[in-house]
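Hi there,

Here is the structure I promised to pass on to you. Could you load it before reading on? My notes follow below it.

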Amino acid sequence: MSQLVADLVDIAGSDAVLTGEDVSSRAVGIWRPQGIQAHAIVRPRTTEEVSAILKLCHDRSQTVIAHGGRTGLVEGADTVQSDLILSLERMNQIESVDDVNRTMTLQAGVLLQAAQEEAERHGLLYPLDIGARGSCTIGGNIATNAGGNRVIRYGMTRDMVLGTEAVLADGTIVSSMNEMIKNNAGYDIKQLFIGTEGCLGIVTRAVVRLRELPRSQETALVAADSFEKMPLILKHMDAYLGGTLSAFEVMWNDFYRLVTTPPAKQRPPLEQSYPIYVLIEAMGGDQENDKVRLEDALAEALDKGLAKDATVAQNGDQRRQFWAMRDDVEQIFQYDPMFIYDVSLQVPYMERYVGEVRDNLKRRFGHHQLFTFGHMGDGNLHFAISAGKDESAHHDVNLCVYEPLRPIGGSVSAEHGVGLEKKPYLDVSRNDTEVKLMRTLKSALDPKGILNPGKVFAA
Ligand code: ZN
C-alpha cells in the first residue's frame, strides 16, 4: 500500500479507498468502456473529509480529479495513472426541501433524476433535464454548467443554483449556501465553481432553486419545408403560448430519419420527407385549456404557411414516445468512430453555418455522415459526424466544424464544456485577455495546479 493510500484510509476509512482492479474495472465514461487509470479512487462522505483529502494532496502536490456520473462528452474528467480520483458517489443525500422557499439542499453526488423525483414529491419542479439524468450528478451538472432541453424556459444550471459549498485546492471549505434568489452582497462566490470543470474547487453541497410543478405538459411535433421557417415558428409559438414554451428541439431530416428508422425503437409520427422538424413542449397551469391553446397556435402556424404538418401528443405515452425519439441519440453509434459536437451561435447565422459545415466536410472527406439536431431556441446545435473508419480524422472534422464559428463569434462549447477535447480550439471563442484572466483565477485558487490539471486551457 502506498503512503498516499494509507493516509487516505486514515482520513476516510478503508471502504472509502479503491485501488488496483477496483479502479481499472471502472469505465472511463458511459460512452467509453475502457478502464480508468488512476493511483486510487477515494470516496469521502462529508465535506470535512473532502477538505482533509485536499489538504493532504496539496501538501504533496498530488493531482486530484473530481468524478460525478462520468457522463461528460469532452474528456473533462480524464485521468492518468498518477492521478487521485475523488468520487462524490457516497455524498448522495438530499438534505432538505423547503416547499415555501422553493429550495432543495443536497450533496453533490445526488443523481439528477433523484433530485427531480424528490422535487416532484413536494409538488415542485427541478427544471434541469438532460438525457443522462439517470447517471449524472448534481455536482457534475454544476461543474459543467449543464444545459439540456428546458434552457429556453428555465436557463442553465447556473440559473438554478443559489448556493454552493466547495473545497479549495488547499482544503479550505468555502461555504456559500445562500438560499435567496437575490444577494448582491459582494462577489457571487458560487460562480467560481459553476462551469469551471472542477479546476477551481470541488463542489460538495448545493442549494438549488425549485419551481412550481406545471399542471399541464403538452408536446407537439412540427414539420417545415425549410430551416428559414424555424425562427419564425419559434417566435410565433413563444408569443402565442405566453411564457409556457419549455422546449424547442430542432431535428434536421438526417437525424429524424435516424431516430425513427430501425434499429431505433420509435416510428415516425410525421412522414420522413420534410427537411426539418421541431419538437415543441409547453408547460402550463391550466390542464383544460393549455392543449387547446397549443393546438390553436399550431393551426395558425399551418395557416400562415410556417409549418407544413403537425401532430400533438394525445396522452402521456405519446408524449414519452416523442421525447424517446429526440433522446435516442445513441443511434449515432451505429457509425464508428462518431464525433459529437456542441456549438453555439446566433440563430440568424444557423442555416448558413450548417451549410458551411456540410460543404467543408464534403470538400475534405467526400463521403461522410452528418446528423444535426439541437436546442435551437438557445442557439445551440449538436452535430454527430462520421468521416470514415479512421480515428485520426477527428482533428480535421473539428476544423470543418469550428473554423466557421470564428468570424460569427460562435462558441465551440454551448453546454458540454471544454475538457481536453476542445482545449486546442478555445481560441476560436475566447480571446487572449479572457484566457489570461482564467489563468489568473486558476493560479490564485490552485497555485500548485493540482485540481483537474491540463483541462480547459493550456497551463
Ligand atoms: Zn444538448
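I30 sits in the loop between β2 (27-29) and β3 (32-35); helices (H or I, at least four residues) and strands (E, at least two) are DSSP runs, numbered from the N terminus. I30 has 44% relative accessibility and therefore counts as partly exposed. Here buried means under 20% relative accessible area, exposed over 50%, and partly exposed in between (1.4 Å probe, protein chains only). Together with W31 and F333, I30 makes a nonpolar surface patch of about 280 Å². Patches are made of residues with over 30% relative accessible area and no salt bridge, with like charges joined within 9 Å and nonpolar side chains (Val, Leu, Ile, Met, Phe, Trp, Tyr) within 5 Å. The areas come from the Shrake-Rupley method with a 1.4 Å probe, and for residues only the protein chains shown count as cover.

Before you go further, please note that this is a predicted model: local features need pLDDT of at least 70, side-chain atom pairs count only at pLDDT 80 or more, and totals for chains, interfaces and linings use all residues. Residues are numbered from 1 along each chain as its sequence is written, and side-chain values use heavy atoms, with hydrogens and water left out.

Now to the metal site. The zinc ion has H375 (NE2), H382 (NE2) and E415 (OE) as its protein donors, at 1.9 to 2.1 Å. Donors are N, O and S atoms within 2.8 Å of the metal (3.2 Å for Na, K and Ca); water is not among the atoms, so sites may look incomplete. Along the chain, the zinc donors follow the spacing H-x6-H-x32-E. H375 belongs to strand β19 (residues 369-375) and E415 to the loop between α12 (394-402) and α13 (432-445), so this pair ties together parts 40 residues apart in sequence. H375 counts as buried because its relative accessibility is 3%, and E415 is also buried, at 12%.

The largest nonpolar core has 51 residues, and M230, I233, Y353, F383, V397 and V401 have the most contacts inside it. Such a core is a set of buried Ala, Val, Leu, Ile, Met, Phe, Trp, Tyr and Cys residues joined through side-chain atoms within 4.5 Å. Helix α11 (residues 350-365) supplies the largest share of this core, 6 residues. A second, separate core of 31 residues includes C136, Y154, L168 and M283.

Leaving out residues up to four places away in sequence, I233 touches V222, A224, F248, I280, L306 and A307. With that exclusion too, L168 touches L54, V174, F193, L200, G201 and L445. L168 is found in the loop between β10 (161-167) and β11 (173-176), and it is buried, with a relative accessible area of 13%.

Most residues other than glycine have a negative phi, and most peptide bonds are trans. The peptide bond from P262 to P263 is cis, with omega near 10°, and P263 lies in the loop between α8 (253-259) and β16 (276-284). Another cis bond joins D336 and P337, with omega about -5°; P337 is in the loop between α10 (316-327) and β18 (339-344). R70 has a positive phi, near 55°, and is located in the loop between β5 (64-67) and β6 (84-87). V456, in the segment after α13, has a positive phi of about 75°.

Finally, the charged pairs. The structure holds 25 salt bridges, each being a side-chain nitrogen of Lys or Arg within 4 Å of a carboxyl oxygen of Asp or Glu. In one of them, D59 pairs with K55, the closest N and O atoms being 3.3 Å apart. These residues are 4 apart in helix α3 (residues 47-60), so about one helical turn separates them. E249 and R326 form another, at 3.0 Å between the closest N and O atoms. That pair links distant parts of the chain, with E249 in strand β15 (residues 245-252) and R326 in helix α10, 77 residues apart. Both E249 and R326 are buried. R26, R43 and E89 are linked in a network of salt bridges.

Notes
Contact = heavy atoms within 4.5 Å.
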